[in-house]
Amino acid sequence: MRKGIFAMKSILNGLAALGLGLAAVTASNAAEYPIKKPVEQDWSFAGPFGTYDKGQLQRGFKVYREVCAACHSMNLVAFRNLEDLGYSEAQVRAIAAEYEVEDGPDDSGDMFMRAAKPSDRFPAPFANPQQAAASNSGAVPPDFSLIAKARAVERGFPTFVFDIFTQYAEAGPDYIHALLTGYEEDAEGHEVPEGTYYNPYFISSASLAMAPPLSEGMVTYDDGAPETVDQYARDVSAFLMWAAEPHMEARKSTGFVVMVFLLLFGGLMYLTKRKIWADVH
């Protein structure tokens, strides 16, 4: 009996040691990259009452079209969704008509190309992942449909505790903005493979295959907004947040109504309980 208990304790101790070892390795890897943590930005959509700035979303869409769309797809976003950005139905049709999508088969059984319609989704810049990798030094550019929700840097303890009460959910846009503006030439102390670019905010390594995509004045704004790298990065980050969560405003509005209802309902239930049990000692 004692031998069995001793053996069980040994197994448990071994598993605990193994778990601690794995946790240490994971923590070590997580602490190594990114070398710098993204700075929390001031977003219009932050907080329980935040809303999207449609002017910013339109600017971000322009940055995506003129800079990012050459490599990055948005397979889950349809042209008709752009009406949420403030575009009219006619404008959406005109934007869609600038793209071609594959359709078919026709009566002969062949696929053919046609002008896109509002119901179509944004066509990918490459026919398949292999072609994308061959055109980008072996790295497949990620799809941008959900990247603002899929990419984020953990804020750690105790920050994440405060995030619960402030409803902070903008780690993705913060990361995208930091990555786009964080390229550095000095990579002292870090090995940068040939053909890659040093960026201390990248979550996977010290460098990435994507060259700095933004530069001053490369996209012309019609509303007079600053044509700077920082502004481009902020605008496209906000646009990608909208692409990942287009119904955020409706969700927050519904959540507020639900919270008010629960408070009122809780108050009524308390008063009812007091009334029913008032004569019971």
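**Figure 1. Surroundings of A187 in the predicted model.** Leaving aside residues up to four places away in sequence, A187 touches V192 and Y198. The model shown here and in the following views is predicted. A187 is located in the loop that runs between helix α7 and strand β3 (197–198). Its relative accessible area is 17%, and because buried means under 20%, A187 is classed as buried. S207 lies 20 residues from A187 in sequence, and the C-alpha atoms of A187 and S207 are 9.1 Å apart in space.

**Figure 2. Overview of the protein chain.** The secondary structure of the protein chain consists of nine helices and four strands. Along the sequence, these elements follow the pattern α-α-α-β-β-α-α-α-α-β-β-α-α. The chain has 281 residues, of which 33% are buried. Its accessible surface is about 17,700 Å², and carbon and sulfur atoms contribute 59% of that surface. Among contacts in the chain with a separation of 6 or more, 63% are between residues 24 or more positions apart.

**Figure 3. Packing of helix α7 with helix α8.** Two packed helices are described by the angle between their axes and by the distance between those axes. Helix α7 covers residues 171–181 and helix α8 covers residues 229–244; they pack at an angle of about 150 degrees, with their axes 9 Å apart. The crossing in which α7 passes α8 is right-handed. On the side of α7, the contact is made by P173, I176, H177, L180 and T181. On the side of α8, the contributing residues are V229, D230, A233, R234, V236, S237, L240 and M241. Eight residues of this contact are nonpolar, three are polar and two are charged. An α-helix has 3.6 residues a turn, so residues three or four places apart point the same way.

**Figure 4. Helix α8: span and burial.** Helix α8 has 16 residues, which at 1.5 Å a residue should span 22 Å. The C-alpha atoms at the ends of α8 are 22 Å apart, in agreement with that expectation. Of the 16 residues of α8, 15 are buried, so the helix is largely enclosed by the rest of the structure.

Figure 5. V219 lies in the loop between β4 and α8. V219 has a relative accessible area of 0% and is therefore buried. Not counting residues up to four places away in sequence, V219 touches K62, V63, E66, V67, E227 and Y232. V63 is 156 residues from V219 along the chain, yet the C-alpha atoms of these two residues are separated by 6.6 Å. A225 is also placed in the loop between β4 (207–208) and α8. A225 is buried, with a relative accessible area of 15%. A225 and R59 are 166 residues apart in sequence, while the distance between their C-alpha atoms is 8.8 Å.

**Figure 6. Two cis peptide bonds.** Most peptide bonds are trans. The bond that joins G104 and P105 is cis, with omega at about 5 degrees. P105 belongs to the loop between strand β1 (100–103) and strand β2 (112–115). A cis peptide bond also leads from F157 to P158, where omega is near 5 degrees. P158 is situated in the loop between helix α5 (147–150) and helix α6 (159–166).

Figure 7. Most residues other than glycine have a negative phi. S137, a residue other than glycine, has a positive phi near 55 degrees. S137 is found in the loop between helix α4 (129–134) and helix α5. Its relative accessibility of 67% is above the cut-off of over 50%, so S137 counts as exposed. Q167 likewise is not glycine and has a positive phi, near 60 degrees. Q167 lies in the loop between helices α6 and α7. At 46% relative accessibility, Q167 counts as partly exposed.

Key:
Residues are numbered from 1 along each chain as its sequence is written. This is a predicted model: local features need pLDDT of at least 70, side-chain atom pairs count only at pLDDT 80 or more; totals for chains, interfaces and linings use all residues. Side-chain values use heavy atoms; hydrogens and water are left out. Axes are lines fitted to C-alpha atoms, for helices over the stretch in contact, and angles run from 0 to 180 degrees between N-to-C directions. A crossing is left-handed if the near helix is turned anticlockwise from the far one by less than a right angle, and right-handed if clockwise. Contact means heavy atoms within 4.5 Å. Ala, Val, Leu, Ile, Met, Phe, Trp, Tyr, Cys and Pro count as nonpolar, Asp, Glu, Lys and Arg as charged, and the others, Gly among them, as polar. Buried means under 20% relative accessible area, exposed over 50%, partly exposed in between (1.4 Å probe, protein chains only). Accessible areas come from the Shrake-Rupley method with a 1.4 Å probe; for residues, only the protein chains shown count as cover. The expected span of a helix is 1.5 Å times one less than its number of residues.
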